[in-house]
Amino acid sequence: MALKWWQRAVFYQIYPRSFADSNGDGIGDLDGITAHLDYLNDSTERSLGIDAIWLNPINPSPNKDWGYDVSDYCGIHPDFGDMASFDRLLKEAHRRGIRVIVDLVPNHTSDQHPWFIDSRGSKTNPKRDWYIWKSCAPGTMPNNWHSQFGGPAWKFDERTREHYLHLFLEEQPDLDYRNPAVVEALHDVIRFWLRRGADGYRIDVVAQMVKDAAFRDNPFRTERDPDIPWFEEGTQIPLHSTDQPEVHDVIRGFRRVADSFDDRVLVGETWPIEQERLADYLRPEELHLAFNFRFVLARYRASRFREAIATTHRTFGASAWPTWTLSNHDFSRHITRYSDHGDGEARARVATLMMLTLRGTPFIYYGEEIGMRDVRIPRERRCDPVGRDGCRTPMQWSGGPGGGFSTAASTWLPMGDAKAVNVADQLNDQSSMLSFYRRLIRLRRDASALAEGSFRLEADAPADCLVYHRESSAQHLIVALNFAVEPRKIRSASGRIVFDTNLARIGQQSGAALQLAGDEAVIVEV
Ligand code: NOJ
């Protein structure tokens with residue numbers, strides 16, 4: 001069967017506050033993005049060559065959680081422009097063949113959303129039961145649930161002397177998806193942006209939308225989970241606040257709305273309790289794609305990545321289509337993570353070569369294509385309540401004033417080292433990280449084995465290397481990745497080198513055994 005556009009696409013995530021500032025206020029905006037679409041794809045080899053962008057939230061928001069606390073689902077935050085700027089962005093993107101998906105944050109609203117203002121007004125307000133309110137004895141909580149941002153998930157509200165539920169900040173009250181009026185209201189929101197021409201949604205914390213009907217206490221973790229290192233022993237397992245069977249009904253409803261439009265995509269931000277349950281969200285009537293955070297969580301080790309790939313294939317089965325991602329706005333950038341114990345740039349290239357040659361849809365996080373690193377944010381400049389600013393700093397377009405991001409004297413978050421790492425310098429450097437991304441994305445698009453071929457892990461490889469085959473009817477490629485610092489020899493991969501992480505061996509013949517330098521990866525055509 002022919003693949004869908006979202007199966008072939010390379011997605012590029014844009015954090016709108018940090019991509020490009022068109023009006024000199026120090027904050028990125030929609031017109032800034034539009035002005036840089038040619039950088040993303042102008043259909044020549046000069047551009048990055050991505051196919052679709054995902055915009056983090058652009059709706060009005062008091063920004064307690066930087067857009068993930070929405071106060072108007074059908075508006076544009078004035079920092080980003082207005083509806084006309086959104087329409088322009090969409091039109092210009094589509095003109096270049098770039099699809100645009102927007103962020104939908106259905107689990108919770110801002111406490112400043114008119115729905116919540118009404119809801120907290122009185123116990124008899126018609127919006128009261130749009131949110132989750134509970135009464136309990138003085139000095140107690142309705143149950144033991146923790147907020148994911150720390151502390152109890154319940155906030156006592158003086159006016160009506162009841163608690164409301166917030167799985168994130170107290171300024172982010174959870175909506176009640178057991179109430180059909182809420183479901184209907186969100187369907188209207190989904191229709192709104194699809195009618196305007198958006199190509200789909202990334203849906204925030206999709207597994208959390210429905211809660212246990214009886215609000216039972218959550219249990220605690222008794223052992224450390226090596227895959228989720230920050231879930232220490234003693235952390236709560238969100239058994240009754242995540243992954244409830246009824247959430248799938250809500251998702252099927254969202255999908256029906258999306259399917260009433262042409263060819264749109266729903267990508268879930270999915271953190272099920274067990275990764276094995278990811279496939280449930282990808283059943284034919286549910287999401288098209290679901291984020292797979294295995295690589296974000298994995299340490300830079302062949303064994304870790306091998307396990308991540310195997311688990312993904314096992315979990316997704318034959319019918320669901322995988323996604324791959326190394327970085328996003330919630331985690332330290334991978335080049336920074338990999339720099340702790342080695343050459344971050346070389347390792348980032350190896351990991352990227354892996355991500356872009358696996359079967360599935362890759363998501364690139366803005367700036368990773370030039371090797372942008374986390375920025376250390378001085379205490380007085382911190383914005384995010386839970387410390388994620390370092391990976392959200394302004395795009396480094398040039399080494400000039402304001403990093404080419406803004407003409408303002410000061411930007412909303414400090415700029416990283418734009419003199420050392422920037423787009424302008426890398427565009428003309430044939431061996432830069434940017435050139436590496438541009439050429440690899442192009443190869444992925446043109447090589448049928450990578451775009452649509454089968455995947456098979458090669459058993460005959462050194463323990464600290466990963467070797468796999470991608471095969472279509474027309475082409476057989478072998479991808480060989482060395483995660484060790486020392487050189488390695490791969491017996492099972494001989495042929496013509498079509499790509500390598502240093503862009504130095506393309507066109508060479510590998511010989512009987514393929515030699516890989518430390519932290520080097522190569523694609524060979526058999
Ligand atoms: C996941 C988003 O990626 C994150 O940035 C946000 O804080 C939470 N969901 C809450 O909406």
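Which side chains meet in a salt bridge at 3.0 Å, N to O, with Asp460 as one partner? The side chains of Asp460 and Arg491 do. A salt bridge here is a side-chain nitrogen of Lys or Arg within 4 Å of a carboxyl oxygen of Asp or Glu. Asp460 lies in the loop between strands E12 (454-457) and E13 (465-471), and Arg491 in the loop between strands E15 (488-490) and E16 (496-500), so the pair ties together parts that are 31 residues apart in sequence. Helices (H or I, at least four residues) and strands (E, at least two) are DSSP runs, numbered from the N terminus.

The model is predicted: local features need pLDDT of at least 70 and side-chain atom pairs pLDDT 80 or more, while totals for chains, interfaces and linings use all residues. Residues are numbered from 1 along each chain as its sequence is written, and side-chain values use heavy atoms, without hydrogens or water.

Buried means under 20% relative accessible area, exposed over 50%, and partly exposed in between (1.4 Å probe, protein chains only). Asp460 is partly exposed, at 33%. Arg491 is exposed, at 61%.

A further salt bridge joins the side chains of Asp464 and Arg488 (2.7 Å, N to O). Asp464 sits in the loop between E12 and E13 and Arg488 in strand E15, so this pair ties together parts 24 residues apart in sequence. Asp464 is partly exposed, with a relative accessible area of 25%. Arg488 is also partly exposed, at 23%. Elsewhere, salt bridges that share partners join Asp65, Asp330, Asp384, Arg388 and Arg392 into one network.

Within that group, the side chains of Asp330 and Arg388 meet at 3.0 Å, N to O. The pair links distant parts of the chain, 58 residues apart. Asp330 is in the loop between strand E10 (323-325) and helix H10 (334-339). Arg388 is in the loop between strand E11 (361-365) and helix H12 (423-427). Arg388 counts as buried, at 13% relative accessibility. The whole structure holds 37 salt bridges.

Nonpolar cores were also searched for. Such a core is a set of buried Ala, Val, Leu, Ile, Met, Phe, Trp, Tyr and Cys residues joined through side-chain atoms within 4.5 Å. The largest has 141 residues, and Tyr12, Leu40, Ile53 and Leu55 have the most contacts inside it. Helix H6 (residues 180-196) gives the most to this core, with eight residues. A second, separate core has eleven residues, among them Ile490, Ala493, Leu514 and Val522.
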